[in-house]
Amino acid sequence: MNDAAKSLLPEQVLPSQWRHGETVHIAERTYTTHRVDNEDDSVTWWLLDETDLLLERERAALLTRVSSALMTSLNPERCMTVVAEMAAEHLADEVLVIAPRSGDGHPVTRCRRGETPTYELRHVDVEAVIGLSEALRGFPPVPSRWIDPAAAPQWLAHDVASIVVTPLPGHGVPAGALILMRRSGHFSEDEEAFARLFASRAGVAISAASLFTQQAVITDRLTRDLLPPALRRYEHVELAGRYRPAADTERVGGDFYDVHELPDDELFVVLGDVCGKGLDAAAQTGKVRTAVHALLQVVTDHDKMLHALNQALLTTDRSRFITTVVGTVRPVSDGLRVTLTSGGHLPPLIVRANGEIEAARTKGTLVGILPRIITSTDEVVLAPGDSCLLYTDGITEAHGGPLGDEEFGEDRLRRALTACGGMPAEALVEHVHMLAAQWVGQGEHDDMAVLSITAPRRRTQ
């Protein structure tokens, strides 16, 4: 390097101070030094400009960190916060992440460099910001040199020198818009291009989180309709139910129960078990429950009800037959009169207040598999303190015990119920559910459902 070239360098970076392979900074550029010793004892220094290479490495590392940070959350608000924080740290002085309109406004996350992001749902006039309306629809960004910061609305920013608005592309639909602002200086074309790369990573993550949240909301709403209902309190009858799906990771399955109100303080109860388990069985329980609800508007007779239900199921999927028991509960002077009819289901057990156990004399054929079904009806009277227990075979066929391979069985259930005479409905179903759960332990089991109809004890004056 000649004397003229040396004179252009700051004193602190004179060649006499260099070492081979070190990094030096000259006029906002970054170089790597390479020393060559000549035969005449002179030294030639080569400077390799690595400014752009280092910048690309930093940007690649930033994109990797963005992806890693966003992979840890499926919450849209959290994703927007991460995007705003990282963009404010590396790309701009102030950042806004705006999601598509949801309900009463646009979700907006704002972050200034070095500050904590804020999130709000606000009414945004997207036409007031040049390029924002287009970005929210996924159109290419408007170059920052075409955006006049002075024309930006007060809610967006004030006293800024440059603004970049770019879309956040999602899975087939836009995930929102990214707005970058600087207090001084302007965004170069290269910086705008990198902002689009940053936005592409962020948009995919935000879109995935939004899609997951939407699916979770839909699933929750549909699942609520498939779950057994919360049972009301009645003055003349105690009702309690428990339900446990086959898999601990699932909320719904093939067992169900329902209670419908009829005129004159009567109640219509139904408990059943759809062939199979899991989501497919749960979908069939939804059809059965809907069919029963619709049929009750025109028929309450048990035999006619089950025959109509059988015909309804025959027209859908014959592989999804059910067993069920239906009952009508009527208050009488001496307690409750319960009429029970089985459609291929286990007969309900009557738990007397003194601990005696009886089985209702009702039986019938499966529902939804044969053109015609046969049913029989029994009527029992529950004195105060007596209960009628409806349950599915998930209780009696639960495998467990000391060796894990023995069925709980109806006999064991009956013996356990002798100690439950006079129990309130809630205590009775909780006790039965607990016994079955303890018997199974950590082993596999079928869906379980139990419903108790109890005649309240008379209050003493």
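**Close-up views of a predicted model**

**View 1. Cys 420 sits in the loop between α9 (410-417) and α10 (425-440).** Before we go on, a quick note: this is a predicted model, where local features need pLDDT of at least 70, side-chain atom pairs count only at pLDDT 80 or more, and totals for chains, interfaces and linings use all residues. Residues are numbered from 1 along each chain as its sequence is written, and side-chain values use heavy atoms, with hydrogens and water left out. The helix and strand labels follow DSSP runs, numbered from the N terminus: helices are H or I with at least four residues, strands are E with at least two. Is Cys 420 buried or exposed? Cys 420 is buried, with a relative accessible area of 2%. (Buried means under 20% relative accessible area, exposed means over 50%, and partly exposed is in between, using a 1.4 Å probe and protein chains only.) Setting aside neighbours within four places in sequence, Cys 420 is in contact with Val 351, Leu 428 and His 431; contact here means heavy atoms within 4.5 Å. Cys 420 and Ile 357 are 63 residues apart in sequence, and their C-alpha atoms are 9.8 Å apart in space.

**View 2. Here α9 and α10 cross at roughly 135°, and their axes come within 11 Å.** The axes are lines fitted to C-alpha atoms, for helices over the stretch in contact, and the angles run from 0 to 180 degrees between N-to-C directions. α9 and α10 are therefore oblique to each other. (Under 35 degrees counts as roughly parallel, over 145 as roughly antiparallel, 65 to 115 as roughly perpendicular, and the rest as oblique.) α9 passes α10 in a right-handed crossing. The handedness rule goes like this: a crossing is left-handed if the near helix is turned anticlockwise from the far one by less than a right angle, and right-handed if clockwise. Which residues of α9 and α10 make the contact? From α9 come Arg 412, Leu 413, Ala 416 and Leu 417, and from α10 come Leu 428, His 431, Val 432, Leu 435 and Trp 439. Sorted by class, this contact of α9 with α10 has seven nonpolar residues, one polar and one charged. (Ala, Val, Leu, Ile, Met, Phe, Trp, Tyr, Cys and Pro count as nonpolar, Asp, Glu, Lys and Arg as charged, and the others, Gly among them, as polar.)

**View 3. Helix α3 (residues 76-90) packs against helix α5 (residues 189-226) at an angle of about 165°, with their axes 8 Å apart.** α3 and α5 are therefore roughly antiparallel to each other. The crossing of α3 past α5 is right-handed. On the α3 side, the contact is made by Pro 76, Cys 79, Met 80, Val 83, Met 86 and Ala 87, while α5 brings Phe 198, Ala 202, Ala 205, Ile 206, Ala 209, Ser 210 and Thr 213. That gives the contact of α3 with α5 eleven nonpolar residues, two polar and no charged.

**View 4. The largest nonpolar core has 32 residues, and Val 95, Val 97, Leu 178, Leu 180 and Phe 198 touch the most other members.** Such a core is a set of buried Ala, Val, Leu, Ile, Met, Phe, Trp, Tyr and Cys residues joined through side-chain atoms within 4.5 Å. Which helices and strands each supply at least two residues of this core? They are α2 (51-71), α3, β4 (94-98), β7 (162-169), β8 (174-182) and α5. Skipping neighbours within four places in sequence, Leu 180 is in contact with residues including Ala 87, Leu 91, Val 95, Ile 163, Val 164 and Phe 187. Apart from this core lies another one, of 24 residues, among them Tyr 234, Leu 239, Leu 336 and Leu 340.

**View 5. Thr 166 is found in strand β7.** At 2% relative accessibility, Thr 166 counts as buried. Beyond neighbours within four places in sequence, Thr 166 is in contact with Ala 135, Pro 141, Ala 177, Leu 178, Ala 195, Arg 196 and Ala 199.

**View 6. Asp 264 lies in the loop between β10 (255-261) and β11 (267-274), and Asp 265 is in the loop between β10 and β11 too.** Asp 264 has a positive phi of about 60° although it is not a glycine. For Asp 265, also not a glycine, the positive phi is about 65°. Asp 264 is exposed, with a relative accessible area of 69%, and Asp 265 is exposed at 53%.
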